[in-house]
Amino acid sequence: MQRALTLHQTTIGKKVIMALSGAILVGFTFGHFLGNLNLYRGSEALNGYAETLRALPALLWTARVVLLVAVGAHIAAAYSLWTRNRKARGSRYEHHKDLATDYAARTMYWSGPILLLYIIYHLLHLTILPAHPGDVYRNVVEGFQNPLISGVYIVGNLALGFHIFHGIYSAFQTLGINHPRFNAYRRDLAIAICAVITIGNLSFPIAVLAGLVTL
Amino acid sequence: MSERLLNLTLHVWRQNGPNDTGRFETYRAKDITTHMSFLEMLDVVNEELIEQGKTPIAFDHDCREGICGSCGFMINGVAHGPQRRTTACQVHMRQFEDGDELWVEPWRAHGFPIVKDLIVDRSAFDRIIQAGGYISIRTGSAPEANEISIPKHTADKAMDAAECIGCGACVAACPNASASLFTAAKISHLALLPQGQAERQDRARRMVAQMDAEGFGNCTNHGECEAVCPKGISLDWIARMNRELVRAAFKSDASVESSAAKGV
């Protein structure tokens, strides 16, 4: 057990931390997306859903603390690995060709920080400083009617999509969850989860901008 | 395939020693037959350099038949050059066209300091092996072949991992200069075999610790290593190494550690 506590000192241990905290965050993101679908059921449904969550302060705050710890651990491990990886190359190649790296993998160090800024903005916009406290539906629809705010949400969710696509696939590798029989499906599963969350989340600002959801 | 003669422009990294800054120098490789290997082409260029009284290009090589792991450098940004599952010595000039411009660079990694020109010091790999890539329990002289029965598919799997020749292309191609593929292949190969069980957890811990201590980066699952590996070592081995390390964090080698604790 003592040894298990020193696991985080290895690079692989840090990756395990990233995979586990990432799994918590993807799980939350999926649940959050399902809750958001109440937007399509109208003002009462969405506000009622928000009310239900706030009526359970113990659950709400436990979730918030868990998420905050997960985000903190994810960023701390990523930062530590990033500084290490920058040093590991030594001198730069004059010519270097990627053979296998996809766009999502290449841009993880971009999509991550973009996501962090987006999450801070999102929390300020709808949780910490809402224009109409208590009326979630109005905050969301009025916000998304502004193309600039919708744009921020669209960019943020695209970054989320790329980040969790590579993240989900990577987590399987990092946690050693592989088997010849289902290895080929790991990428498909990552695409499926990522597509549902990203397309679903993008639909909210687009639906408001298109006038399909109104006050 | 019919023989052609090629005239090529080479931009080769020249570095006098570990402390030299290094630079690209341009050479012409004239009348190169397509039947030559890449190293034979460099031999021809070197002959000419020697005739001119210049220092030949230094590069590592030994067997020249793709099995020793000595050779290897970047050809146009790809470790071991354009042909998949092939070491630099087995890349033949028929892969190239007349008039091609080729950039030849050494592996670049903090853990692989450049010795001279295209030669890098890969003793970091030796130290990873020294940390646990062996079996130290006495197994006596060569046993009768069927004494320890190992199922065919297990033996095949262990052989897939053991195919790694330690050339270092994985480190060279990895965006993080990670030695994960090499270390994973070596840990996995012994973890699969009965002889490797006694020191299994200790091996995983020590080899990973040494890999980290050498200053290699970590695995971000891009798959560049697998793509350039001349032996086709799979990324699946990295997943297995990760599993082995996590398992080692919760489990001890009964024979090694408990007897040490009891003072036996």
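This is a predicted model: local features need pLDDT of at least 70, side-chain atom pairs count only at pLDDT 80 or more; totals for chains, interfaces and linings use all residues.
Residues are numbered from 1 along each chain as its sequence is written, chains are lettered from A in the order in which they are written, and side-chain values use heavy atoms, with hydrogens and water left out.

**Chain A**

Reading along the sequence, I wrote down the pattern α-α-α-α-α-α-α-α-α for chain A, and its C-alpha atoms fill a box of roughly 55 × 45 × 35 Å along the principal axes.

**Chain A against chain B**

I then looked up the contacts (heavy atoms within 4.5 Å), and found 40 residues of chain A in contact with 53 residues of chain B. The area buried between chain A and chain B, meaning the accessible area (1.4 Å probe) that the two lose on being put together, summed over both, is about 3,700 Å², of which carbon and sulfur atoms give 49%. On the side of chain A that touches chain B, the helices that each supply at least two residues include H2 (11-36), H4 (57-88) and H8 (147-174). The residues of that side divide into 13 nonpolar, 16 polar and eleven charged, with Ala, Val, Leu, Ile, Met, Phe, Trp, Tyr, Cys and Pro counted as nonpolar, Asp, Glu, Lys and Arg as charged, and the others, Gly among them, as polar.

For salt bridges (a side-chain nitrogen of Lys or Arg within 4 Å of a carboxyl oxygen of Asp or Glu), I recorded a count of zero between chain A and chain B.

Key
Helices (H or I, at least four residues) and strands (E, at least two) are DSSP runs, numbered from the N terminus.
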